[in-house]
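Good morning, and thank you for coming. I would like to take you through a few points on the structure now being shown.

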Amino acid sequence: MLWGALLYGVVNSVTLALVALGFNLTFGISGIANFSYGAMYVLAGYGTWMMLQRLGLPLLAAIPAMVLATALLGALLYRIVLVRVRGMVISEVIATFGIGLAILELFRYLGFIGFQYTLPVFADGSLQVGPLYLDLQRVFILIVGGSLTGFLWFFTRYTRTGLAFRGIAQDEYTALCLGIDSDKVATLSLSFGGGLCALAAVVILPIGTISVDAGYDVLLEALAVCIVGGLGSALGMVIASFVLGMAQSVTSLYMGSHWMMIVNLLAILLILGIRPSGLMGKQKELEERI
Amino acid sequence: MRSRGSGCTGMNKSRTRKERVDRGVKARSEDVFALSSWREILYLLAPRLLPVLVLFLLALVLPVYWKKVLVSSAIFGILAMSWDFLVCAGLVSLGQALFFGVGAYLAGTFHHLWGWPWWLTLPLASLLGGGICTLLLAPVLRLRGIYFSMVTLVLPLMLVRIIEATKALGGTEGLSGIQGFPGLGVELVLSVGMFLAALFGYRRILGTDYGLVMQGIRDNDRSVISSGINAHWFRAQALFLAGCMGALAGAFMTHAYMFVGMPVFALDYSILPITAAVVGGMGSIAGPALGAFILVPLSEALRALGALRIVFYGVFLVIFIVGLPEGLFHYLKRKYHQFERWTAVES
């Protein structure tokens, strides 16, 4: 029982990290809290489903196509809407929230509710871990989550684009002086965020069904992980997702699954009340509270 | 300003720019000289009397169904105004449903447990609701900007889940059989009266020195603090004032629907005030009120579309925040006070 909780806690943690990856990247670089993140996640899920069922594409073609499409959507979101309200935090939040709301509720209106909306698993079967069995899709989540985190770590340290990302994140004006185009980087950061979001969706969604409400939950999960870890801090994100993931699976073991989401929300409240910059966030101490 | 180049005809000059000039009547009616003629007095009074007259006239002539719509517009207007009052103190809430829901549940519980009548639960739920919300948010009052917004986004969602998990307060079923109002007339007069009281009350508060401190906190909190004013105490008061009206709106809805349940914490009640404020114009109290009176009847007219209404809210939000960020009220106000003309730019 306890071993099961631990194992699923690890899977849960990696799922959380995977979900938060894109949100964290966008926020960390351009400072834009993309509140349409949950909608992108659900959009990627339904989009892949439609490519598979309606267009009859193979899974291997549908996934890259959807990831690219969502990345493009993120870039367009910045170029068309966000560039006009850049820097006004509240307007950014309201605009992205409005777009997310429109996308999610449109799906609800079109009737995308039910058990037939589910993505195929990559491979059937299960793996034996000690006395327990873990199905292969969850193994895939572990692999993808781990490798994406590693890839991002490598990317932001050893490539020119990644270094430009970090430059803008640290000091926008100085980065501008060094010839880094802040608008271009922000566009890229949103499209990276979108792409990562779609990737997370196609890996995680096969476990359950795709539902509109998942959009709001995913947004909250991403927010929880990013706030607890410190907005924009990569190491903090990993730590936070393990703290939250383990806490969630222990809660659901002892108190029932109703309380799982409450753990997230409680964590957000506690962290914001006590240490708003998060577990690992160092920057912007003065900007967040008086 | 005309956009770059569009006013430029060919290579040489004749550039024009738009100029805004105050109307003469505005200048004349700004001081005690307003009393010099009926025209100036009317210029000052018309924008204030117009909503009062229009609302009571509508309450008299509308058919029954649209009277109900008028009531819910007024209630949503109150909620939107309380949102805007918070914005005036520099607190942007993404979860106005918190205030609404706390008020609604308080009124419902009062009647459910002790059978108190509506004229007792309304004021009690309002005051107590304001107090509870202030206490709930007090620990995070120091947070600024988006961090405060996130807390307010999270709180109502959490309360819903707690009610769902503990099955307290009727759980998922909610409390039904709450006492209704004695008649549609009472409901109408009460809601419109509350709406107007909130509208003029909030605007009056913002006009005083007290309100000036609130707006100072919004514009630059640190300089307010360094002038020796306890900004946190002022923010707590703003929260209480806004919370009272939000809770009042919720309590009223409980009695109007004779039911209270988990939907009072739903996203709708957080989104609508924001949309109303964005459409109407933030920071003016009157703007969100105007926005609510546009949006609620509109969404009622679009009722056939069902869930598509929320899609429209989302699209509205984006269009207005990008296209007309100042909002309708500020736009109308500018047109009322100023006229515009094209003037040549010497180059």
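Let me begin with Met258 of chain B, which is partly exposed, with 15 other C-beta atoms within 10 Å. Please keep in mind throughout that this is a predicted model. Met258(B) sits in the loop that joins α10 (231-257) to β3 (259-260) of chain B. Its phi is positive, about 55°, although Met258(B) is not a glycine. As background, most residues other than glycine have a negative phi.

A second residue of this kind is Ile285(B), a residue other than glycine whose phi is positive and near 60°. Ile285(B) lies in the loop between α11 and α12 (286-301) of chain B. Is Ile285(B) buried or exposed? Ile285(B) has 28 C-beta neighbours inside 10 Å, and the threshold for burial is 20 or more, so Ile285(B) counts as buried. For Met258(B), the count of 15 falls between the limits of 12 and 20, and therefore Met258(B) is classed as partly exposed.

I turn now to the contact between the chains. Here, 39 residues of chain B are in contact with 35 residues of chain A. Which elements of chain B give two or more residues to the side that touches chain A? They are α6 (145-166), α9 (221-226), α11 (268-280) and α13 (308-323). Of these, α6(B) provides the largest share, 13 residues. As to composition, the side of chain B that touches chain A consists of 29 nonpolar, four polar and six charged residues.

Note on methods. Residues numbered from 1 in each chain as written. Chains lettered and ligands numbered in written order. Predicted model: local features only at pLDDT ≥ 70, side-chain atom pairs only at ≥ 80, totals over all residues. Contact = placed C-beta atoms within 7 Å. Helix = DSSP H or I, 4+ residues; strand = E, 2+ residues; numbered from the N terminus. Nonpolar A, V, L, I, M, F, W, Y, C, P; charged D, E, K, R; others polar.
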